[in-house]
Amino acid sequence: MKCGFNLSLCAQQFLKPRYNVFSPLSPASTGLLKPHRYHLSTKATPIATMSQEQPQEPAPKQEEEQKLPPLSPQDFRAYNQKAEQMEYFHAHFRHSWNILWDATTAKKRPSNMTLKQFINVGLQFAQHLEVHHSIEENHVFPYLARRMPEFQAKGRGKRAAELLRQHRQIHDGLEGFEKYLEKCVSGEEELRLDVLREKMEGWREVLWTHLDQEVKTLGAENMRRYWSKEEIAMIPM
């Protein structure tokens, strides 16, 4: 039976409204959801324990450099479907980040945004990224870790737990970024674009590497080494 888990719908179960921050932004101009402030009702599972939650299954025996036959367009779509789903979410994160980063580069916020709307882009970005990663670590990654070393906390090889380590590095930077914007909302701090840039620079590289690498890891050429087409359709996401 096909799994009914949906990353978008499941996100709603992890969110509890805490307070409204600002008036809604135009979806056409930002591509974001309604601006609410949220509080995670669950914490991401620590990396050290994730591999214990799901039994790891032996990956198919294949040589690391083994060349597989080309995929037909139909098979490629079947094997690539999880990458496409993940790219949908990551595109929103890139869009939000670029609004903020481009403003720090130009040393002025977008002309079509008020100060409150601009800050809200950053807060939404932080909140949605926290929820996204929490769902991944509690539902998606443990399932993939059954066979894929990239998601195994105690996996073997250079790729073992790499995506999980990136999560930790991203959230180390995200915490300071979000706290600064919250102080700007409360009036404790006055928003300065040079300070905002400092809050983003330290984890910019790992974030963009992660957004690209996670999609590539879920791509057809990698997924076909671990899962059948039928199994991929059942992976929770």
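Predicted model: local features only at pLDDT ≥ 70, side-chain atom pairs only at ≥ 80, totals over all residues.

Reader: What makes the pair of F125 and F177 a tie between parts apart in sequence?

Author: F125 belongs to helix α5, while F177 belongs to helix α6, which covers residues 162-186. The two parts are 52 residues apart in sequence, so the pair ties them together.

Reader: How do you know whether F125 and F177 are buried or exposed?

Author: The cut-off for buried is under 20% relative accessible area. F125 has 1% relative accessibility, so F125 counts as buried. F177 has 0%, so F177 is buried as well. Both residues also take part in an aromatic cluster, together with F93, W97, W101 and W203.

Reader: W101 is in that cluster. What makes R197 a charge over the ring of W101?

Author: The charged end of R197 is 4.0 Å from the ring centre of W101. The distance limit is 6 Å, with a further condition of 35 degrees from the ring normal. The value of 4.0 Å is within the distance limit, and R197 is listed as sitting over the ring. There is another such arrangement: R146 lies over the face of Y143, at 4.2 Å from the ring centre.

Reader: Back to the helices. Why are α5 and α6 called roughly antiparallel?

Author: Two packed helices are described by the angle between their axes and the distance between the axes. α5 and α6 pack at about 150°, with axes 9 Å apart. Angles over 145 degrees count as roughly antiparallel, so α5 and α6 fall in that class. The crossing of α5 past α6 is left-handed.

Reader: Which residues meet where α5 and α6 pack?

Author: On the α5 side they include I119, L123, F125, L129 and F141, and on the α6 side they include L164, I170, L174, F177 and E178.

Reader: E178 carries an acidic side chain, so I am curious. What makes E178 count as buried or exposed?

Author: E178, placed in helix α6, has 7% relative accessibility. Buried means under 20%, so E178 counts as buried. The C-alpha atoms of E178 and F125 are separated by 9.1 Å, although the two residues are 53 apart along the chain.

Reader: And how do you know that α4 and α5 are roughly antiparallel?

Author: The axes of α4 and α5 come within 10 Å and cross at roughly 150°. The cut-off is over 145 degrees, and α4 and α5 are therefore roughly antiparallel. α4 passes α5 in a left-handed crossing. Residues of α4 that meet α5 include H90, F93 and W97, and those of α5 include F125, H132 and E136.

Reader: What does H90 touch, and why is H90 called buried?

Author: H90 lies in helix α4. At 1% relative accessibility, against a limit of 20%, H90 counts as buried. Leaving out residues up to four places away in sequence, H90 touches H132, E136, H210, L211, E214 and V215.

Reader: Why is T105 called partly exposed?

Author: T105 is in helix α4, with 45% relative accessibility. T105 and D194 are 89 residues apart in sequence, with their C-alpha atoms 8.7 Å apart.

Reader: What makes K107 exposed?

Author: K107 has 68% relative accessibility, and exposed means over 50%, so K107 counts as exposed. K107 is found in the loop between α4 (73-106) and α5 (115-144). Its phi is near 65°, a positive value in a residue other than glycine. Most residues other than glycine have a negative phi.

Methods
Residues numbered from 1 in each chain as written. Heavy atoms only, no water. Helix = DSSP H or I, 4+ residues; strand = E, 2+ residues; numbered from the N terminus. Buried < 20%, exposed > 50% of the residue type's maximum accessible area, 1.4 Å probe, protein only. Phe/Tyr/Trp six-rings, centres within 6.5 Å; stacked < 30°, edge-to-face > 60°. Axes fitted to C-alpha atoms, helices over the stretch in contact; angles between N-to-C directions. Parallel < 35°, antiparallel > 145°, perpendicular 65-115°, else oblique. Left-handed = near helix turned anticlockwise from the far one by under 90°. Contact = heavy atoms within 4.5 Å.
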